[in-house]
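Here are some exercises on charged side chains and the strands around them. Keep the structure open in your viewer and try each task before reading its solution.

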Amino acid sequence: KSICDYLTNYINDPQAQSKGWYNQQALVSLSAYSIMALAKAGREVNSYIEVFIENKENLPAVDLINLIRAIGYMPQFTGRGQLLIDSITILQNHFHVTAGQTQLTEVQRSPWIWSDNDKATALALLALTETAIHNEFVPGLIRNLAGKASRGSYSSTQSNVYTLMALSNYIEKTEVELPKISITALLDDTEFLTAAFTSPINPALTKTEPLANLAETKAVNINTQGTGQAYATVKLTTAPVQADLTADTSSGLYLSRSYEVIRPQSDLPIQTNFERGQVVKVTVTMMTPEQRHDLVLEDKIPAGFEAINLTFLSEDQTLIPQLNQEISGWKYNDFFWYYHQEVWPDRVSVYADYLPAGVYTFSYLVRPITIGTYHVPGPKAEEMYYPEIYGRGQGQTLTIGPSSPN
């Protein structure tokens with residue numbers, strides 16, 4: 001018998017074919033995958049699709065993806081166009097969108113078929129490139145998968161395979177020929193930068209303009225001529241005239257910070273008023289709803305304070321136990337979720353190459369040394385290679401007074 005005959009027999013009686021090895025959810029998923037494979041091979045699977053599609057609102061995302069792909073392989077399927085629109089709309093309800101990225105969150109996972117979010121996201125991109133390549137979520141899915149590729153691998157071998165399939169399929173459909181494109185960036189109507197590209201590996205061109213020269217600029221316009229896809233990034237770096245202590249948490253990361261006196265007292269509440277000579281524990285909390293890669297978290301040290309760098313043996317090493325970190329309610333040592341920390345006179349930075357979705361904290365110590373009132377901006381985090389994924393916490397005003405008499 002052929003492979004197609006075997007798959008047909010499996011769909012007709014999955015329980016018998018699997019000999020009771022898999023649970024019901026896995027059997028349904030394997031049947032949906034078999035329908036897609038048969039449709040791709042040119043077999044008639046209309047009746048199978050109709051049975052599955054009646055319950056499309058309740059299907060796990062990966063099963064719905066396989067049915068979308070199956071319908072895509074059958075141009076003569078009755079009502080194909082509207083059915084694809086309806087099914088893709090349901091699939092989009094599984095998408096989790098953050099700044100610049102889209103990920104498919106597969107809630108109903110099955111360990112029998114190596115189900116995970118990376119694989120599901122790749123399958124979603126594969127389905128959309130086959131059936132709706134201009135879907136608005138395609139760029140975000142590509143951005144998500146391409147960003148993870150910089151780490152060299154995904155969560156499993158299957159995720160690697162499907163990601164490469166999806167990305168290569170997209171390239172084959174959208175970049176059939178080598179690019180031959182000219183791009184002009186304009187500030188309003190004034191030419192700012194012009195570039196020509198004849199290969200996907202041509203280096204990017206960049207140009208910087210002082211903000212003072214852009215006071216009257218209302219728009220950045222990018223014009224293209226020729227064939228190929230153009231990619232552009234605009235980044236604006238500013239500094240406020242007045243202290244800006246507001247939080248900005250709309251771009252994928254959420255941060256907060258607290259100060260707590262631990263020496264000489266150890267039971268003072270979180271506060272903003274301090275005395276010279278105290279030891280203050282600074283705790284930064286960060287929440288990310290999605291997994292992140294190559295992330296840096298930076299917190300400014302307020303003027304009037306100095307950092308206590310415990311890597312120097314001249315510092316009080318008995319303070320080290322105060323810096324145990326907390327993640328999702330569990331205590332770990334201070335290097336658990338980030339691989340590197342830097343303590344500078346004006347800031348403390350930590351770096352993580354990979355973070356699953358979750359809540360993370362790190363702490364460091366400072367000492368008030370100069371009497372006065374100081375503004376300090378909120379902690380900031382961003383993906384180093386995709387700075388549009390960032391967050392900034394609430395800033396604070398801190399006061400240092402004289403030491404209390406003994």
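The exercises below work on a predicted model, and each one comes with a worked solution.

**Exercise 1. Find the salt bridge that Glu-383 forms, and say which elements the pair ties together.**

Solution. 
- Start with the whole structure: a search finds twelve salt bridges.
- Now pick out Glu-383, whose partner is Arg-143, with the closest N and O atoms 3.5 Å apart. That passes the cut-off of within 4 Å.
- Glu-383 belongs to strand β17 (residues 380-383) and Arg-143 to helix α8 (residues 138-149), so the pair ties together parts that are 240 residues apart in sequence.
- Finally, check accessibility: Glu-383 and Arg-143 are both buried.

**Exercise 2. Work out how Glu-298 and Arg-347 are connected, and whether each is buried or partly exposed.**

Solution. 
- These two residues form a salt bridge, and 3.5 Å separates the closest N and O atoms.
- Glu-298 sits in strand β9 (residues 292-300), while Arg-347 sits in strand β14 (residues 347-355); the pair therefore ties together parts 49 residues apart in sequence.
- For accessibility, recall that buried means under 20%. Glu-298 has 28% relative accessibility, so Glu-298 counts as partly exposed. Arg-347, at 21%, counts as partly exposed too.
- Now widen the view: Glu-298 and Arg-347 are linked with Lys-300 and Asp-346 in a network of salt bridges.

**Exercise 3. Identify the strands that hold Arg-367 and Glu-306, and describe the contact between their side chains.**

Solution. 
- The two side chains meet in a salt bridge, with an N to O distance of 3.1 Å.
- Arg-367 is found in strand β15 (residues 358-368) and Glu-306 in strand β10 (residues 305-308). The pair links distant parts of the chain, 61 residues apart.
- With a relative accessible area of 32%, Glu-306 is partly exposed.

**Exercise 4. Describe how β17 pairs with β9 and with β18.**

Solution. 
- Take β9 first: β9 and β17 pair in the antiparallel sense over four bridges. In this pairing, Val-296 stands opposite Glu-382 in β17.
- Then turn to strand β18 (residues 386-392), which runs antiparallel to β17 and is joined to β17 by four bridges.

Terms used. Residues are numbered from 1 along each chain as its sequence is written. This is a predicted model: local features need pLDDT of at least 70, side-chain atom pairs count only at pLDDT 80 or more; totals for chains, interfaces and linings use all residues. Side-chain values use heavy atoms; hydrogens and water are left out. Helices (H or I, at least four residues) and strands (E, at least two) are DSSP runs, numbered from the N terminus. Buried means under 20% relative accessible area, exposed over 50%, partly exposed in between (1.4 Å probe, protein chains only). Two strands pair if DSSP finds at least two bridges between them.
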